[in-house]
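Welcome, and thanks for taking a look at this one with us.

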Amino acid sequence: MASFLRWLWIHRNYFIIFLTPLLFLALPLVIKSPEANCGFAIILMALYWCTECIPLAVTALLPVILFPMMGIMESTKVCEQYLKDSNMLFIGGLLVAIAVENCNLHKRIALRVLLVVGVRPALLMMGFMAVTAFLSMWISNTATTAMMLPIAQAVLQQLSDTEAAADNRELQAGCDNHAFEMSEIKDVKLKEAEFRKDEVSRAEEAMNMVEQRRLAREKKYLLLSKGMSLCVCYSASIGGTATLTGTTPNLILKGQVDELFPANKDVINFASWFGFAFPNMLLMLVFSWLWLQFMYLGFNLKKSFGCGNNNEGDMEAYQVMKNEYKGLGKMTFAEGSVLTIFILLVALWFTREPGFIPGWATVLFNQDKPYVTDGTVAILMSTLFFIIPSQMPQLPFHSNRPEEGSLKAPPTLLTWQVVHERMPWNIILLLGGGFALARGSETSGLSQWLGDSLSPLQNIHPAATSLLLSLLVGTFTECSSNTATTTLFLPILASMAVAIKLHPLYVMLPCTICASLAFMLPVATPPNAIAFSYGNLKVIDMAKAGFMLNIIGVLSINLAINTWGTAMFHLDKFPSWANQTMSVP
């Protein structure tokens with residue numbers, strides 16, 4: 001029996017792949033309508049995504065097969081959804097991230113900030129969280145976590161080793177002092193007897209003291225290691241919510257809003273998203289730091305912050321980071337070029353359509369139509385990585401030029417080989433699959449049916465609706481990828497909002513950010529999995545810390561949506577563009 005159950009478990013993916021369509025096939029066969037056909041496709045994709053029985057990107061391609069064969073949409077119309085403006089924005093943002101990682105600029109920024117912060121436990125945790133959150137705003141959460149955790153572990157190991165050496169020196173000094181005192185006794189026989197007796201007792205006492213200190217030190221640094229590992233992986237997920245390109249769900253929201261509400265007048269762009277999400281990210285980061293500080297360091301401010309006391313251990317741990325930074329050498333031409341392009345890109349994103357004044361895109365290009373978008377800017381600036389050389393070219397008459405036979409042109413800042421190896425192409429298909437689902441739901445009438453079915457929610461206060469949906473999405477994303485979660489939920493939430501005459505962003509914005517708050521399980525996100533392998537963590541450690549962080553995140557997001565979010569996006573009024581949904585062919 002045990003071997004049979006094991007066989008079933010090993011082959012579970014094949015059972016899910018073949019049994020799931022058979023179990024739900026009655027839906028389109030009995031209820032012969034486009035809504036039922038689309039519902040079958042969505043249920044099938046949802047279960048495949050949640051169980052990951054086949055790769056997520058392959059599941060995202062199912063609309064290309066199912067929608068034409070079930071009479072929902074033409075194949076040409078479906079395929080058009082897989083490469084839209086949001087995909088171009090995603091590609092441009094990833095090219096910038098790859099360029100930053102390729103020249104090691106992210107490590108230089110991280111170490112420079114940590115050298116400023118110092119190595120006191122609370123300040124060190126705060127520094128690692130701030131640096132990780134900032135980096136994950138621009139590069140992938142996984143890459144940020146993988147880079148920051150070894151640095152954190154190296155610093156903690158140095159602190160532990162230095163403290164152990166200090167304990168040994170203190171013990172040795174105590175033994176030497178005792179021997180000196182015994183040498184002062186005049187009576188030789190008495191001295192020898194007392195010395196032997198006292199030596200045995202002191203040795204036993206010293207061994208007990210050494211063992212106690214070792215156990216206390218190991219317990220202390222185990223807690224510190226757990227806290228540091230969790231603070232890095234959690235801040236990576238939190239930091240990704242601050243920018244439009246920081247994590248995939250943010251771009252899915254933009255794509256879904258543009259797809260479902262084409263007359264929205266670019267309500268979600270880089271500047272508007274940053275204005276809403278960045279303060280919320282800071283709020284979540286501060287409360288997360290306080291909670292992790294309480295769990296793993298306590299609230300002994302003198303001990304945690306040091307209150308100006310410096311010791312040898314701190315200086316040696318600080319030297320570890322300093323040596324790491326020195327090992328990078330001076331900033332290279334490539335690093336300076338990438339940093340310049342990065343700053344220019346962010347500046348162009350912020351000033352393209354700031355909202356309170358006409359942006360440069362409006363003045364120069366977008367007088368009558370939105371010709372230039374954030375995707376245009378991202379591709380423009382990322383193209384420069386393939387044009388600008390990674391080294392300053394040497395002139396033919398330069399005194400230190402290489403010999404004629406070894407003369408080579410320097411490579412560009414990025415090569416396509418590097419991009420090909422590091423670009424997560426599967427995410428582009430996932431984005432496209434989400435847009436195809438949204439279009440199919442609208443075309444088949446399923447969105448309208450869902451909206452009408454959820455219309456009783458109109459009797460519930462909007463704040464309560466937003467809070468309950470945020471909790472639902474936050475729970476769902478613990479056992480499903482954040483991309484799949486937002487792809488499945490956002491079209492339904494949009495239809496519900498239109499049906500009950502609620503601003504669509506009032507529920508779509510908080511639920512999108514909540515999809516990135518998967519803190520409780522090691523398998524929930526790649527950063528969690530990396531931290532689980534580094535920090536001597538148990539599942540219960542992550543669950544205890546993550547549960548409270550989920551609550552903090554949901555409350556913080558709902559505070560944001562009901563305060564400055566309402567002021568920014570006018571969420572207290574039902575917008576006219578929400579009535580002008582995409583035309584159904």
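Of the 585 residues in the protein chain, 48% count as buried. This is a predicted model, and its secondary structure comes to 28 helices and zero strands.

**The chain as a whole**

- Taking contacts between residues at least 6 apart in sequence, 79% link residues at least 24 apart.

**A covered helix: α25**

- Helix α25 spans residues 504-514 and is mostly covered, with eleven of its eleven residues buried.
- Among its buried residues are Pro504 and Pro510, the pair Cys511 and Cys514, and also Tyr506, Met508 and Thr512.
- What do the buried residues of α25 pack against? Their partners are α13 (248-260), α14 (270-296), α23 (462-476), α24 (482-499), α27 (539-561) and α28 (564-569).

**Two of those partners together: α23 and α24**

- The axes of α23 and α24 come within 11 Å and cross at roughly 160°. Angles over 145 degrees count as roughly antiparallel, and α23 and α24 are therefore roughly antiparallel to each other.
- The crossing in which α23 passes α24 is right-handed.
- On the α23 side, the contact is made by Thr465, Leu469, Leu472, Val473 and Phe476; α24 contributes Thr485, Phe489, Leu493 and Met496.
- By residue type, this contact of α23 with α24 divides into seven nonpolar, two polar and no charged residues.

Definitions and conventions. Residues numbered from 1 in each chain as written. Predicted model: local features only at pLDDT ≥ 70, side-chain atom pairs only at ≥ 80, totals over all residues. Heavy atoms only, no water. Helix = DSSP H or I, 4+ residues; strand = E, 2+ residues; numbered from the N terminus. Buried < 20%, exposed > 50% of the residue type's maximum accessible area, 1.4 Å probe, protein only. Contact = heavy atoms within 4.5 Å. Axes fitted to C-alpha atoms, helices over the stretch in contact; angles between N-to-C directions. Parallel < 35°, antiparallel > 145°, perpendicular 65-115°, else oblique. Left-handed = near helix turned anticlockwise from the far one by under 90°. Nonpolar A, V, L, I, M, F, W, Y, C, P; charged D, E, K, R; others polar.
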